Amino acid sequence: MASLAARLAVFFHAGLSPTRAWQELALDEQLAGSSRHLAQEIARHLEQGGRHAESVRWACEAGAEPERVFSAVLSVADESGTPLYRALWALADALRDRVSVEAEIRSIVQAPRQTTLLLLALPPLSLVVAGTLGVNALGFLTGSTFGWLLLGLAVLLYTAAIVWMGRLVTQLMPDSGYLSPARDLLAVASQGGALPEVAAARVNRVLIEHGLAQSDSADIQSLTALSRRVGIPISTLSVAEATWARHQARAEAAEAAQSLSVRILLPLGLFILPAFVAVGVVPVIFTLLEGALRLDQPGLW
C-alpha cells in the first residue's frame, strides 16, 4: 500500500486522470500482487463509469486498516476539492514507517526463535543418540510415572515459553490506529478552504463510514479550538501534528523493539532451558545411573 500510494501521488501530481492512473497501476508488475489486484478492480470500476472515490471505497471497504485509511483520504479529498498527491505522500510515509517498525521487530525476534527451534529439536535428538548408545531414555520417559511427569512438565514449559514470546512480539507490532488518520484527514479536508468546524465534522463522518479509530476525535476538537484562538490555519496545524505523531510513534516503536532483544531472553532462560534439561538430559542421566547401579545392586531402581 505504501508503494501504491506513492505511485498514485506521482501520477496525480503529473496530471494523469484517475482512470489512466489506475490503469497504469494495474499493469505495474513491481507492485505486490494484492495491490495490483486492488488497482485492477478500481480501474475496472472506473472504466464502467464509477466515480473515483466511490470506486476506491467499493474496492477497499472489506480490506485491512491501511486500505480503509487510503479510501478515507480519497473520500475526504474528493469532498473538499483538495489536491490528492500531498495527502497520498503523507499516507505513504506513514505506511513506510509501519513497514520499517515491523521489519525491525521481526529481525530482533529471529535469533531467539531460531534458538527455541534448536532447543525443541535437541531433546528428540538426544533420545535418538542415547538409543544408539544402548541407553533407553525414551523408555524411561514413557515407562515410569516420574518420566511422564518430566514429559508433561517439558510440554507445559515449552508451551508457556512460546506463548510468552508470541505475546511479547504481538504487543510491539503496530496495532489498529497506528496510522492515526484523523489529523491527516483534517489537513486534507481543510486545505480545500472549508471552515474548521465543517472540516472536523466531515472527518468524523468519514472515520465512522470507513470503520476507523475514533480516538482522535478529541484531538480534532482541540486543534479546531486552537486554530480559532490563535488564528493559524487548521490545515497547517493538522499537518504539523500528524507529522509529529508519526515520528513519535516511530521512535517509541524503535525503542520498544530494542528492549525486546533483552526481554525475549527471559522465556528462553526460565522455560526453554529447564524443559530441555527435563526431557533431554535428566532421562539420559537417570538411565545411565540406573544401568550402572544395577550391576552391583539389582532392583535398586
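Because the model is predicted, local features need pLDDT of at least 70 and side-chain atom pairs count only at pLDDT 80 or more, while totals for chains, interfaces and linings use all residues. Residues are numbered from 1 along each chain as its sequence is written, and side-chain values use heavy atoms, with hydrogens and water left out.

**Fold and packing**

- The chain holds 13 helices and zero strands, where helices (H or I, at least four residues) and strands (E, at least two) are DSSP runs numbered from the N terminus.
- Along the sequence the pattern reads α-α-α-α-α-α-α-α-α-α-α-α-α.
- Of the 301 residues, 43% count as buried, a class that means under 20% relative accessible area, with exposed set at over 50% and partly exposed in between (1.4 Å probe, protein chains only).
- Among contacts (heavy atoms within 4.5 Å) between residues at least 6 apart in sequence, 69% join residues at least 24 apart.

**Surface and nonpolar patch**

- The accessible surface of the chain comes to about 15,500 Å², of which 61% belongs to carbon and sulfur atoms; the areas come from the Shrake-Rupley method with a 1.4 Å probe, and for residues only the protein chains shown count as cover.
- A nonpolar patch on the surface is formed by Phe146, Leu149, Ile285, Phe286 and Leu289, which together have about 440 Å² of accessible area.
- Helix H8 (145-172) and helix H13 (265-294) are the elements that give two or more residues to this patch, and H13 gives the most, with three residues.
- Patch residues have over 30% relative accessible area and no salt bridge, and nonpolar side chains (Val, Leu, Ile, Met, Phe, Trp, Tyr) are joined within 5 Å, whereas like charges are joined within 9 Å; a salt bridge is a side-chain nitrogen of Lys or Arg within 4 Å of a carboxyl oxygen of Asp or Glu.

**Two residues**

- Isoleucine 285 is found in helix H13 and is partly exposed, with a relative accessible area of 42%.
- Serine 35 sits in helix H3 (residues 33-47) and is buried, with a relative accessible area of 7%.
- Neighbours within four places in sequence left aside, serine 35 is in contact with Met1 and Leu4.

**Second largest pocket**

- About 150 Å³ of space lies in the second largest pocket, and twelve residues line this pocket, with Arg86, Ala87, Ala90, Asp184 and Val239 lying nearest its centre.
- Helix H6 (84-132), helix H9 (181-191) and helix H12 (234-263) each supply at least two residues of the lining.
- On a 1 Å grid over the protein atoms alone, a pocket is an open set of points where a 1.4 Å probe fits, with protein on both sides within 12 Å along at least five of seven lines, and lining residues have an atom within 4 Å of a point.
- Grid points are joined across faces, edges and corners, and a volume is the space filled by probe spheres set on the points.
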